[in-house]
Amino acid sequence: LADEDDASADAGLSQAEIASATADDSVEGSSGIFSDRVKLIFAANSIKKAEIRTKIAAKKMNQLKAVAEKNPEKAEEIAKEYEEELDDALEDFNEIAVEGDKEEVIHALKQTVIMKYRLESHQTKVAEVHAGILLRQSERIDQEKLTHLTEIFGNINEKVSSKISKIEELQENLIARLLVVDPELSEEEIRAKLETFENSLDEK
């Protein structure tokens with residue numbers, strides 16, 4: 001908490017936020033989703049809800065990688081749940097883009113940077129996992145099943161790409177909101193803040 005308090009709006013991401021974005025899968029497994037859902041009930045505002053849902057989505061992605069080879073059909077089901085969690089998180093952020101104050105909007109911008117980073121890194125890791133699975137399965141299953149498996153993995157990748165695009169659209173809406181709630185800020189200054197947040201992860 002002290003670390004987050006020391007991070008001003010003009011600074012990059014705090015160490016806690018960077019840790020959240022770059023969490024290793026071996027550290028953050030797929031456990032604890034039920035307790036996260038309980039926390040959702042008591043979340044005080046849209047920011048907290050979006051953060052929790054983003055965390056749940058990350059855990060769903062870890063589940064996805066764990067079951068992809070053993071049960072592709074289950075992977076398809078988890079991919080749908082993963083997409084729903086991200087949609088709910090984006091909906092919470094969109095509320096902030098419509099009616100949030102300056103502090104909420106800046107915090108939301110930080111969270112979208114974290115979400116996008118995690119999506120892009122997960123997409124890369126999952127693509128590698130899927131490629132390995134298809135290579136191994138090509139010698140074990142018939143062409144029809146292999147084609148179906150390829151379609152499942154392709155759909156998962158498309159879902160992730162779609163969410164990355166939605167996050168970029170959301171960032172534009174948040175920038176527009178920040179221009180309204182703080183007219184003293186220029187668009188260039190806001191985009192510089194966003195770039196500072198992104199650079200924090202690039203440096204990490």
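This is a predicted model: local features need pLDDT of at least 70, side-chain atom pairs count only at pLDDT 80 or more; totals for chains, interfaces and linings use all residues.

## Helix packing and cores

H3 and H4 cross in a left-handed sense. The protein contains eight helices and zero strands, and its order along the sequence reads α-α-α-α-α-α-α-α.

**Overall make-up**

- Of the 204 residues in the protein, 42% are buried.
- Among contacts in the protein with a separation of 6 or more, 74% are between residues 24 or more positions apart.

**H3 against H4**

- Helix H3 spans residues 33-42, and its packing angle with H4 is about 165 degrees, the axes being 9 Å apart.
- This angle makes H3 roughly antiparallel to H4, because angles over 145 degrees are classed that way.
- On the H3 side the contact is formed by Ile33, Asp36, Arg37, Lys39 and Leu40.
- On the H4 side these residues meet Lys49, Ile52, Arg53, Lys55, Ile56, Lys59, Lys60 and Gln63.
- By residue class, the contact of H3 with H4 holds four nonpolar, one polar and eight charged residues.

**H4 against H5**

- Helix H4 covers residues 46-67 and helix H5 covers residues 72-99; they pack at an angle of about 165 degrees with axes 8 Å apart.
- H4 and H5 are therefore roughly antiparallel to each other.
- The crossing of H4 and H5 is left-handed.
- In the contact of H4 with H5 there are 16 nonpolar, three polar and nine charged residues.

**H5 against H7**

- The axes of H5 and H7 are 10 Å apart and form an angle of about 5 degrees.
- H5 and H7 are therefore roughly parallel to each other, because the class takes in angles under 35 degrees.
- The contact of H5 with H7 is made up of 17 nonpolar, three polar and nine charged residues.

**Nonpolar cores**

- In soluble globular proteins, nonpolar side chains tend to be buried together.
- The largest nonpolar core here has 43 residues, and within this core Phe93 and Leu174 touch the most other members.
- At least two residues of this core come from each of H4, H5, helix H6 (102-137), helix H7 (143-181) and helix H8 (187-203).
- H7 supplies eleven residues, the largest share of this core.
- Neighbours within four places in sequence aside, Leu174 is in contact with Phe93, Ile96, Ala97, Val105, Ala108, Leu109 and Thr112.
- There is also a second, separate core of five residues, among them Ile33, Leu40, Ala43 and Ile52.
- Of these, Ile33 and Leu40 in H3 and Ile52 in H4 also take part in the contact between the two helices.

**Two residues of H5**

- Ala79 is located in helix H5 and is buried, its relative accessible area being 3%.
- Apart from neighbours within four places in sequence, Ala79 is in contact with Leu64, Ile156 and Lys159.
- Ala79 and Ala57 are 22 residues apart along the chain, and their C-alpha atoms are separated by 9.6 Å.
- Asp92 also lies in helix H5.
- With a relative accessible area of 6%, Asp92 is buried, because the class is set at under 20%.
- Residues up to four places away in sequence not counted, Asp92 touches Ser46, Lys49, Ala50 and Arg53.
- Lys49 and Arg53 in H4 also belong to the set of residues that H3 meets.

**Two residues of H6**

- His130 is found in helix H6 and counts as buried at 7% relative accessibility.
- A separation of 6.7 Å lies between the C-alpha atoms of His130 and Phe153, residues that are 23 apart along the chain.
- Glu120 is placed in helix H6 and is partly exposed, with a relative accessible area of 35%.

Conventions: Residues are numbered from 1 along each chain as its sequence is written. Side-chain values use heavy atoms; hydrogens and water are left out. Axes are lines fitted to C-alpha atoms, for helices over the stretch in contact, and angles run from 0 to 180 degrees between N-to-C directions. Helices (H or I, at least four residues) and strands (E, at least two) are DSSP runs, numbered from the N terminus. Angles under 35 degrees count as roughly parallel, over 145 as roughly antiparallel, 65 to 115 as roughly perpendicular and the rest as oblique. A crossing is left-handed if the near helix is turned anticlockwise from the far one by less than a right angle, and right-handed if clockwise. Ala, Val, Leu, Ile, Met, Phe, Trp, Tyr, Cys and Pro count as nonpolar, Asp, Glu, Lys and Arg as charged, and the others, Gly among them, as polar. A nonpolar core is a set of buried Ala, Val, Leu, Ile, Met, Phe, Trp, Tyr and Cys residues joined through side-chain atoms within 4.5 Å. Buried means under 20% relative accessible area, exposed over 50%, partly exposed in between (1.4 Å probe, protein chains only). Contact means heavy atoms within 4.5 Å.
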